[in-house]
Amino acid sequence: MKIALGEAFQRDVAGLAEDQRSAVFEAMLALPRVLGDPHAHAGLGVRKLHASGIWEARVGLGLRIVFALEPGTLTLVRAGRHEEVKRFLRQL
């Protein structure tokens with residue numbers, strides 16, 4: 001599966017602390033592997049957020065990754081705290 005990084009995602013991650021960026025990178029690499037296995041993705045807390053195909057994965061306690069799934073491609077859309085993700089979803 002191909003991983004695409006959206007511009008907003010790249011800006012979001014650039015603004016994070018180094019330890020948070022490392023955690024996002026690890027989760028980003030784990031996502032393609034765990035998406036087809038519900039037991040494996042329990043640690044990432046993957047769940048569908050929006051009917052348009054927007055999903056969320058937890059990175060630690062307060063950080064989230066928002067992504068879109070398309071055939072063969074996982075597009076990372078945003079990264080941020082829970083409140084920031086909620087604000088993004090209201091814009092859809």
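Buried means under 20% relative accessible area, exposed over 50%, and partly exposed in between, using a 1.4 Å probe and protein chains only. The model is predicted, so local features need pLDDT of at least 70 and side-chain atom pairs pLDDT 80 or more, while totals for chains, interfaces and linings use all residues. Residues are numbered from 1 along each chain as its sequence is written, and side-chain values use heavy atoms, leaving out hydrogens and water.

View 1. A salt bridge is a side-chain nitrogen of Lys or Arg within 4 Å of a carboxyl oxygen of Asp or Glu. R64 is buried, at 12% relative accessible area. Its side chain meets that of E56 at 3.7 Å, N to O. E56 is buried too, at 3%. R47 pairs with E56, with the closest N and O atoms 2.9 Å apart. R47 is partly exposed, at 43%.

**View 2. R78 and D12 form a salt bridge.** The N to O distance is 2.6 Å. This pair links distant parts of the chain, 66 residues apart. R78 lies in strand β5 (residues 73-81) and D12 in helix α1 (residues 7-14). Helices (H or I, at least four residues) and strands (E, at least two) are DSSP runs, numbered from the N terminus. R78 is partly exposed, at 29%. D12 is buried, at 16%.

**View 3. M1 is found in the segment before β1 (2-5).** M1 is exposed, at 56%. Contact means heavy atoms within 4.5 Å. Not counting residues up to four places away in sequence, M1 touches P32, L35, G72, T73 and L74. M1 and L74 are 73 residues apart in sequence, yet 7.0 Å apart in space, C-alpha to C-alpha.
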